[in-house]
Amino acid sequence: MPPLLLHLLLLHFFTYNSRLCFSSPQPKTLILPLKTQTLPKPSNKLSFHHNVTLTISLTVGSPPQNVTMVLDTGSELSWLHCKKTPTLTNVFNPLASKSYIPVSCSTPTCRTRTRDLSIPVSCDPKKLCHATLSYADASSLEGNLASDTFSLGSSGQPGNVFGCMDSGFSSNSEEDAKTTGLLGMNRGSLSFITQMGYPKFSYCISGRDASGVLLFGQASFPWLGPLNYTPLVQMSNPLPYFDRVAYTVQLEGIRVGGKVLSLPKSVFVPDHTGAGQTMVDSGTQFTFLLGPVYTALRNEFVLQTKPGLKLLDDPNFVFQGAMDLCFQVPMDRLNRPVLPALPAVTLMFRGAEMSVMGERLLYRVAGMVRGSNQVYCFTFGNSDLLGIEAFVIGHYHQQNVWMEFDLEKSRVGVAQCVIMDGVLGKQLNIRVGEELSSCSLLLYWWGLGYNDEEAALIWAVAMDF
């Protein structure tokens, strides 16, 4: 496309359609780019926040500062790094924001809305609300609660409470340096989605590349088939090992190929301490199962893939400390894995299923070879090796799945969602003015990994420019 025509298209978009993009402070539906970011080599110990994260770009403060945040449905409190260090330069500067307001200890926000945080807040010497966060990899953060304006696209939310973190310990400082913070998206009162006031949100992660889309509000597209819903598990009484504000669903069984694992349903039900809940967590890469369930799945997968997959003969190797089923896989001339037909692994929930198949069942261990073969590991791990008393469904197994988190009706919905190549306006049959404004539509195509020129061209075709 000639540069002048591209500029004219973008100018037309931002002038003719400015009333569609900026007239409403909180649109009914907002759709934004979501990226899969590959970070440096992870530490030896597996963490919840793995070497691949889902990230979203937004602005915070007045005037706005650009930040990149990890999308985490397993966390409540959003936070930003607020203090530069020799290894941490991607930070939010609260002193440069006119709308930044610290939260004092005496406010209801500090005294009551923090009740679901795993570590109780405290009061610092300046009488400000002090928060401490810790994660499974022994990383920790400390800082004060504050409020400021968070803006997504054209939608700004003043007074959004978050943690302005100025100290802590990281198990992987290189990983932290790639993002500014974390966007907490669970059901707690301080989560970003709760504060924004949207009744639901959805996302689809491409299995093709590093792109994806994140949508706040109602998803109603002709190309999106009916969703199958599974209810959230509610727990009224606090239990020591049960996260009451997580997206907890009821796993009822696992099927490998056509065979359902012979396990009693009781192994999937939380016990009297709350241990054993099943959480959908976008902040975790892989899926982890409690010991007895993992062992049954591991044995059945090995049985069904013999002799097509050659086991890695190294009992001392456990990928990332939790995944002990690995294989030697030959590669073709284009450095692609040569795999036999693999049996799908289907997670069976109450009212819905999620199937993991093909290459998503295996993950290549970078830099590890055996002769002419590459080492690949099974993408289900053992929660017991992590010290986690729960089943965790990670985002690697959510690729090409439309994931809807419906807070209003307390349910999670799933449907197939394949992000395709080509002219999306025709393939997806999205018409401007139905559910998305043209502003959101352009953001949508950018979110699918198209550059400015491609997105503007597709938008122009869809608008019959």
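I looked up Cys 129 and found it buried (under 20% relative accessible area; over 50% is exposed and in between is partly exposed, with a 1.4 Å probe and protein chains only), at 0% relative accessibility. The model is a predicted one, in which local features need pLDDT of at least 70 and side-chain atom pairs count only at pLDDT 80 or more, while totals for chains, interfaces and linings use all residues. Residues are numbered from 1 along each chain as its sequence is written, and side-chain values use heavy atoms, with hydrogens and water left out.

Next I checked the partner. Cys 129 forms a disulfide with Cys 110, the sulfur atoms being 2.2 Å apart; the term covers a pair of cysteine sulfur atoms within 2.5 Å. I place Cys 110 in helix α3 and Cys 129 in strand β8 (residues 129–134), so I note a link between distant parts of the chain, 19 residues apart. Helices (H or I, at least four residues) and strands (E, at least two) are DSSP runs numbered from the N terminus.

With a torsion of about 115° about the S-S bond, the Cys 105 and Cys 123 disulfide is right-handed. Cys 105 sits in the loop between β6 (101–102) and α3 (108–111), and Cys 123 in strand β7 (residues 122–123); the two are 18 residues apart and the pair links distant parts of the chain. I then compared burial: Cys 105 is buried at 14% relative accessible area, whereas Cys 123 is partly exposed at 42%.

Cys 204 lies in strand β12 (residues 200–205) and Cys 417 in the loop between β29 (411–416) and α8 (424–427), so the pair ties together parts 213 residues apart in sequence. I found both Cys 204 and Cys 417 buried.

Last, the overall tally. How many disulfides does a search of the whole structure find? I get five. Counting bonded cysteines along the chain, I recorded the pattern 1-6, 2-4, 3-5, 7-10, 8-9.
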